[in-house]
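Hi everyone, thanks for coming. Please have a look at the sequence and the model with me, and we will walk through them together.

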Amino acid sequence: MAKIMIYPSKYVQGPGEMGKLGSYAEGYGSKALVLISSSGYKRIQATLDAGFAGSKCAPVYDFFNGECSKNEINRLQGVMDAQGCDLVIGIGGGKTLDTAKAVVGDPVYLGQAWLVGAFWVTVCT
């Protein structure tokens, strides 16, 4: 029997789309852990702030530490737990995006319940 995946469920590309990230994200969660490098954040901070302004999804920014490792994944799952995030957005290159996906790949304990299979969004830069 064939196994078929339709992946990704949505793909968006074009000028100005980064400025709409908050409106895209609000369809998947109400509070997003946004994983990005510190240099990437410096470059696009104004665009991100504008993109989340007025959105029903609040961003929680955290800087990627450079390696997709179990320690980094555990650290970010702790951030999700502490901040009450229900969505992860990875912005950057391969390691950042792989880490963002791995953060929701393992069950995350959020206070009184385990979050399994939270949504994730990747933004390739």
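Helices and strands are DSSP runs, where a helix is H or I with at least four residues and a strand is E with at least two, and they are numbered from the N terminus.

Now, where does this picture come from? It is a predicted model, in which local features need pLDDT of at least 70 and side-chain atom pairs count only at pLDDT 80 or more, while totals for chains, interfaces and linings use all residues. Residues are numbered from 1 along each chain as its sequence is written, and side-chain values use heavy atoms, with hydrogens and water left out.

How confident is the predictor? pLDDT is its confidence in each residue, from 0 to 100. The mean for the chain is 87, and 83% of the residues reach 70 or more. Strand β2 has the highest confidence, at 98, whereas strand β4, residues 108-110, has the lowest, at a mean of 58. Keep in mind that where pLDDT is low, the predicted coordinates should not be read in detail.

Next, the overall layout. The chain has 4 helices and 6 strands. Reading from the N terminus, the order is α-β-α-β-α-β-α-β-β-β. Of the contacts between residues at least 6 apart in sequence, 75% join residues at least 24 apart.

Let us go inside. I call a residue buried when its relative accessible area is under 20%, exposed when it is over 50%, and partly exposed in between, using a 1.4 Å probe and protein chains only. By that rule, 36% of the 125 residues in the chain are buried.

A nonpolar core is a set of buried Ala, Val, Leu, Ile, Met, Phe, Trp, Tyr and Cys residues joined through side-chain atoms within 4.5 Å. The largest one here has 15 residues, and L21, L48, F52, L87, I89 and I91 have the most contacts inside it. At least two residues each come from α1 (21-25), β1 (31-36), α2 (38-52), β3 (87-92) and β6 (119-124). Which element gives the largest share of this core? That is α2, with 4 residues. Apart from this core lies another, of 14 residues, including L33, C85, V103 and V104.

Stay with α2 for a moment. Its buried residues are G40, Y41, I44, L48, G51 and F52. An α-helix has 3.6 residues a turn, so residues three or four places apart point the same way. The cover over the buried residues of α2 includes α1, β1, β2 (58-63) and β3.

This helix also has a bend, of about 70° at I44; the bend is the angle between axes fitted to the seven residues ending there and the seven starting there.

Now let me point out a few single residues. In helix α1 you can find S23, which counts as partly exposed because its relative accessible area is 42%. S23 touches G51 and S55, leaving aside residues up to four places away in sequence. S23 and F52 are 29 residues apart in sequence, yet 7.1 Å apart in space, C-alpha to C-alpha.

Over in strand β1 sits A32. Is A32 buried or exposed? A32 is buried, because its relative accessibility is 0%. Beyond residues up to four places away in sequence, A32 touches C57, A58, P59, V60, C85, L87 and I89.

Finally, find D62 in strand β2. D62 counts as buried because its relative accessibility is 15%. With the same exclusion of residues up to four places away in sequence, D62 touches L33, V34, L35, I36, R75, L76 and V79.

Definitions and conventions
Contact means heavy atoms within 4.5 Å. pLDDT is the predictor's confidence in each residue, from 0 to 100.
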